[in-house]
Amino acid sequence: MSLIDATRDAFGLLFSGDPVLWKIIWISLKTSLVGLLVATPVAVLIGYLIATREFVGRRIAIWIAQATLSLPTVLVGLLLYLMLSRQGPMGAMQWLFTQSGIIFGQVLIVLPVLVAFTLSAVQAADPRLAETAVVHGASPWRVMLTVLHEVRFGVMAAVINGFGRVISEVGCAMMVGGNIAGETRTITTAIALETSKGEFAQGIALGIVLIAIALLINAAMLLLQGDTRPARNRGV
């Protein structure tokens, strides 16, 4: 099959509402979004605390948060596979080859992204903001909310980048999910499977979906950044 024929068939699958294709897309979106929702509150809190608290090992914590950004997702998948297998310490949960297992993996993958971005955003904030809130009698909880509101665009950028990372990863989803049709087959694992079989139409269709998601993510980031024109063009 030529590239033109495969691309034509790919668009046909997308616009025909092929149930198998859209089931794969739904599983990917569901596991990625749930993993992101679970990880975000915990990661933002950790990032804020590392940025604003002095404690023994703080430099090591910052180093780990930044270093884990480059951790291969297939390594996360391997560690989770060993932990969730029958002989592993979490085998009783029976999450291996399930959507719950994939979500668990997505949480571990996105946590470093959210922690590192939140940490950077809070460190870049004006320290006088927290000091002013304390002077006015704000509780530690209120101070944290005030600071996070000030750096909300940085946190939102972290969430968007985190979603992009988990929706596009393949290693962990393949190892922990098992690529089971209708259950744990995601966009990336389906692309790997279909192209290995020479079925390029579905692979291209799913690739188009990933490209569309990437474009939407980048559009959202541009909206968060606001006016991106050079300062001289804004009359500054």
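In this predicted model, L71, V74, L75, L78, L79, Y81, L82, F97 and I180 form a nonpolar surface patch of about 720 Å². One of these residues, F97, lies in the loop between α4 (73–84) and α5 (99–124), and its phi is positive although it is not a glycine.

**The surface patch and F97**

- The nonpolar patch, about 720 Å² in area, includes L71, V74, L75 and L78 as well as F97 and I180.

**Spans annotated as transmembrane**

- An unreviewed UniProt entry places the feature "transmembrane region" at residues 33–51, 63–84, 96–119 and 203–224.
- In the model, residues 96–119 are 88% helix and 0% strand, and the end C-alpha atoms of this span lie 32 Å apart.
- Residues 203–224 are 100% helix and 0% strand, with the end C-alpha atoms of the span 32 Å apart.

**Helix α1**

- Helix α1 covers residues 3–15, and its 13 residues should span 18 Å at 1.5 Å a residue; the end C-alpha atoms are 18 Å apart, in agreement with that expectation.
- The buried residues of α1 are A6, A10 and L14.
- Viewed down the axis of α1, these buried residues fall within an arc of 80 degrees, so they line one face of the helix.
- On the face turned away from the buried side, α1 carries the exposed residues I4, R8 and F15.
- After α1 comes G17, which has a positive phi near 70 degrees.

- Most residues other than glycine have a negative phi.
- F97 has a positive phi of about 65 degrees and is not a glycine; the residue is located in the loop between α4 and α5.
- N179 also is a residue other than glycine with a positive phi, near 55 degrees.
- N179 is situated in the loop between α9 (171–177) and α10 (187–196).
- The relative accessibility of N179 is 9%, and N179 therefore counts as buried, whereas F97, at 36%, counts as partly exposed.

Definitions and conventions: Residues are numbered from 1 along each chain as its sequence is written. This is a predicted model: local features need pLDDT of at least 70, side-chain atom pairs count only at pLDDT 80 or more; totals for chains, interfaces and linings use all residues. Side-chain values use heavy atoms; hydrogens and water are left out. Patches are made of residues with over 30% relative accessible area and no salt bridge: like charges are joined within 9 Å, nonpolar side chains (Val, Leu, Ile, Met, Phe, Trp, Tyr) within 5 Å. Accessible areas come from the Shrake-Rupley method with a 1.4 Å probe; for residues, only the protein chains shown count as cover. A salt bridge is a side-chain nitrogen of Lys or Arg within 4 Å of a carboxyl oxygen of Asp or Glu. Helices (H or I, at least four residues) and strands (E, at least two) are DSSP runs, numbered from the N terminus. UniProt positions are given in the numbering used here, feature names are shortened, and annotations may be inferred rather than shown by experiment. The expected span of a helix is 1.5 Å times one less than its number of residues. Buried means under 20% relative accessible area, exposed over 50%, partly exposed in between (1.4 Å probe, protein chains only). The arc is that of the directions from the helix axis to the C-beta atoms.
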